[in-house]
Amino acid sequence: MSIPYAAMRRLMRELKELKTSPPEGIRVQLSEESALDVEGIIEGPEGTPYQGGFFRVKFEFTEEYPAAPPKCWFATKIFHPNVSNTGEICVNTLKKDWKSSYGIGHILVTIKCLLIYPNPDSALDEEAGKLLQENYENYCERAKLITSVHATPKAPPPEFGTSSAPTDTLNTPAPIVASLASMSPAPHLSSQKGTATPATVTIPLQQSASNTFSAPSSLPSLGNASGEKDGCHVSPAPLGITNPNGPTVIKPNAALSPAKAVKRGAAPGANAGEKRKKALKRL
């Protein structure tokens with residue numbers, strides 16, 4: 001049993017919506033073995049002989065879906081004019097009134113309405129249809145009895161006991177993901193060249209040998225205890241100034257330039273004294 005790729009994607013979206021925002025009194029249950037094994041659960045409407053019961057509806061999808069409706073039937077025994085003893089459902093939505101825009105949610109809502117408003121004129125269970133028209137009280141008693149025996153569990157199904165998960169945290173069911181992965185992509189996607197997106201491979205980071213520094217067991221001596229190196233004197237940086245490149249090394253044989261030697265050797269007041277002497281001679 002398989003359905004087209006586009007129909008499978010549409011079914012996946014609808015099941016996700018039914019999980020996050022289901023109609024009142026309606027839930028869906030997915031199988032772990034097959035993505036197409038879908039089961040709907042309908043809570044018996046209040047004020048009807050089906051109140052308190054939970055009725056399971058099975059779905060079977062064909063290759064014509066969604067152009068043709070899926071097959072569905074009651075897996076839970078029910079006493080209803082429009083449901084046969086084998087679970088077959090008589091509703092126009094699943095026959096002549098079907099539209100390709102309908103989905104699982106629409107079908108389940110329609111069946112729930114059928115529990116509220118049965119139609120004895122198109123009865124599949126003649127006994128239930130006749131009893132409904134002739135004696136409604138006896139019909140209700142019979143329907144309540146069947147519901148209490150076959151459709152009333154000791155505790156509600158888990159789907160009704162937990163709140164719906166938010167849309168952003170809900171993951172796609174695993175069976176649907178597996179089915180989509182095994183199917184061929186849509187023809188219009190496979191026929192286009194150069195549109196395939198390469199798969200992303202995540203490689204864990206590892207420590208590289210080039211990025212690892214191993215300190216040597218012993219470092220060579222840089223000088224004697226007084227801070228002198230071979231032929232050089234180590235000059236510490238001035239106070240308050242940090243030299244990022246380490247201490248300044250001045251070689252003893254390095255000669256200063258003439259211009260710098262003159263400027264450094266000139267006394268601060270030499271020129272002023274000569275001018276005073278000349279002035280006194282003139283007097």
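By a nonpolar core I mean a set of buried Ala, Val, Leu, Ile, Met, Phe, Trp, Tyr and Cys residues joined through side-chain atoms within 4.5 Å, where buried stands for under 20% relative accessible area and exposed for over 50%, with partly exposed in between (1.4 Å probe, protein chains only). The model is predicted, so local features need pLDDT of at least 70 and side-chain atom pairs count only at pLDDT 80 or more, while totals for chains, interfaces and linings use all residues. Residues are numbered from 1 along each chain as its sequence is written, and side-chain values use heavy atoms, with hydrogens and water left out.

The largest nonpolar core has 41 residues, and V57, F59, F61, F74 and I104 are those with the most contacts inside it. Of the elements (DSSP runs numbered from the N terminus, helices being H or I of at least four residues and strands E of at least two), α2 gives the most to this core, with 6 residues. Leaving aside neighbours within four places in sequence, I104 is in contact (heavy atoms within 4.5 Å) with residues including L11, L15, V38 and F59.

Let me turn to helix α3, residues 126-134, whose buried residues are A128, G129 and L132. They cover an arc of only 100° around the axis, taken from the directions from the helix axis to the C-beta atoms, and therefore lie on the same side of α3. These buried residues pack against α4 (136-150), whereas E126, K130 and E134 are exposed on the other side.

Finally, T48 lies in the loop between β2 (38-43) and β3 (54-60), and T48 is buried, at a relative accessible area of 12%.
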